[in-house]
Amino acid sequence: EDEETAGEVSKNLDLATLSTLEVASEAIDISLAKELKNVLFGSSLCCFSEEWKIQSFTFDNTPPLKYGIVQEKGGPCGVLAAVQACVLQQLIFADSNSNKDPCCLQPLEVHRTKCLTMAIAGILWRAGGNEKAVVALPSGREQFTPLGKYKADGILETLILHSATRYEDLIALLQQAIQQFETGPCGCILLTVSVILSRSINLVRNDFDVLTNQLIGSNSYCTQTLISILIRHLSVFSKLNSPRTLSISSSQRCSSPLSIFVASAGFSLFVPCLLNCYLKSPKYPIWLVGSENHFSVLFCLEEDLSDDCTTGRRFDLYYYDGLANQEEEIRLTVDTTQVCTEGKQNDRTSPVEHCIRTK
C-alpha cells in the first residue's frame with residue numbers, strides 16, 4: 001500500500017520543490033485557449049480527436065523493443081516519431097562511447113524514462129530559442145468558464161502553464177512531471193501545447209507554410225509545420241528560395257538528432273521535394289521517415305555513418321513503427337557498394353526501401 005501511495009504522489013508536482021525553482025506558473029485563460037485552438041485546428045470550435053486524447057509516450061515492454069514508444073491509434077504519429085527519435089538520440093548517443101552495443105536498445109525502465117525527460121526538455125528548449133520553455137500540465141479542474149465561440153474539450157481548460165528561463169529548472173520540472181507525459185492519458189497533447197507556447201503563438205504563425213494554416217490537418221494528422229517546430233532545425237517550405245527544395249548549408253548541419261526522408265510514394269501531406277546532403281546526413285544517424293501517410297523512425301548504432309555519405313560501406317539500420325504492433329526487432333542491412341539497377345525496383349519494393357534509396 002505504501003508503494004502504491006508513493007506512486008500516486010510521484011505523478012503530482014511537489015509544490016514545495018517547485019517554489020525553489022525559477023519557474024513562473026499561471027492558469028490558462030479563454031483568450032489563450034482560443035488562440036491555441038486556432039493555430040492547432042484553424043478554429044476555436046474544433047477539439048482534439050479521441051486518438052490524440054488517449055495518446056501518451058508509453059514505452060513498449062516487449063523485450064526486443066523496450067526503447068520504442070507505442071502508438072495507440074492513427075493520427076499523432078508525427079509527434080510520436082519526433083519524440084521517439086530524440087529518445088533514441090539520448091539512449092544511444094548521449095555518452096561519449098562510440099562503440100555502441102545493441103544492448104543499449106534494452107534499457108531499464110528508469111533509464112528510458114530519463115531519456116524521455118531529456119528528449120522532451122531538448123524539444124521544448126530548442127522551441128524556445130534556447131532561452132525559455134513552457135510546460136503545460138493539467139490541474140484537474142477548469143481554469144475558466146468556456147463561453148462564446150469556444151468548444152470545450154476537457155483538456156485545454158484545465159491547464160497550468162509553467163515557464164522556465166533556465167535549462168536546469170526545466171529539467172527539474174520535467175523530472176517531477178514526467179509521468180503526465182509518459183502515462184498520460186493525454187501526454188501527446190501536453191507536449192504539443194507546450195512546444196507551441198515555448199515557441200510562442202506569433203512565431204508559430206510565422207512558421208506556417210503556404211499550404212497550411214493549422215498544425216493538425218485532416219484525419220488528425222500532424223502537418224509539416226508541426227513536425228518542423230518539434231525538430232526545430234528544419235526549415236518550412238515558405239522560408240526557402242524554392243518551394244520544392246529543402247536545403248541547408250554545411251555550416252548549418254542539423255544539430256538536432258534527425259532529418260526527414262520524404263517519400264515520393266504516396267505521402268500526400270508533403271509537396272514532392274528534394275533534400276540536399278546536409279539534411280539527409282544529420283549529426284546523428286536517426287531519421288524521421290514520412291511514408292504512406294505515416295511517420296516512423298530509422299536509425300543506426302554507428303555514429304560516424306553520416307560523416308561521409310559518399311563512402312561505400314555495409315551497415316545495419318533499425319526500423320521502428322510504434323503503430324505496427326511489432327513483436328520483434330526489424331533490422332535492415334544496407335550495402336552501398338552494390339548498385340541497384342532500375343529493373344530490380346518493382347511494385348513489390350516497400351515504401352521504406354524507396355525512402356532509404358533516396359539517401
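**View 1. Contacts of Phe57 in the predicted model.** Leaving aside neighbours within four places in sequence, Phe57 is in contact with Ile69, Val79, Leu80, Val83, Leu116, Phe181, Glu182, Gly187, Cys188 and Leu191. The coordinates shown in this and the following views belong to a predicted model.

**View 2. The largest nonpolar core, with Phe57 among its members.** This core has 87 residues, of which Phe57, Val79, Phe181 and Phe299 touch the most other members. Helix α5, spanning residues 77-93, supplies the largest share of the core, namely 13 residues. Because domain 1 (23-231) and domain 2 (259-339 + 347-357) both give residues to this core, it lies between them.

View 3. The structure holds 0 disulfides.

**View 4. Strand β2 and its pairing with β3.** Strand β2 covers residues 133-138, and because 5 of its 6 residues are buried, the strand is largely enclosed by the rest of the structure. β2 pairs with β3 in the antiparallel sense, over 6 bridges. One of the bridge pairs joins Pro138 to its partner Leu159 in β3.

View 5. With a relative accessible area of 32%, Arg166 is partly exposed. Not counting residues up to four places away in sequence, Arg166 touches Glu22 and Trp125. Arg166 and Lys132 are 34 residues apart in sequence, while their C-alpha atoms are 6.7 Å apart in space.

**View 6. Ser220, in the loop between α9 and α10.** The loop that holds Ser220 runs between α9 (201-207) and α10 (224-231). At 17% relative accessibility, Ser220 counts as buried, because that class takes in values under 20%. When its neighbours within four places in sequence are left aside, Ser220 is in contact with Ser49, Trp52, Gly75 and Pro76.

Key
Residues are numbered from 1 along each chain as its sequence is written. This is a predicted model: local features need pLDDT of at least 70, side-chain atom pairs count only at pLDDT 80 or more; totals for chains, interfaces and linings use all residues. Side-chain values use heavy atoms; hydrogens and water are left out. Buried means under 20% relative accessible area, exposed over 50%, partly exposed in between (1.4 Å probe, protein chains only). Contact means heavy atoms within 4.5 Å. A nonpolar core is a set of buried Ala, Val, Leu, Ile, Met, Phe, Trp, Tyr and Cys residues joined through side-chain atoms within 4.5 Å. Helices (H or I, at least four residues) and strands (E, at least two) are DSSP runs, numbered from the N terminus. Domain bounds come from an automatic or database domain assignment. A disulfide is a pair of cysteine sulfur atoms within 2.5 Å. Two strands pair if DSSP finds at least two bridges between them.
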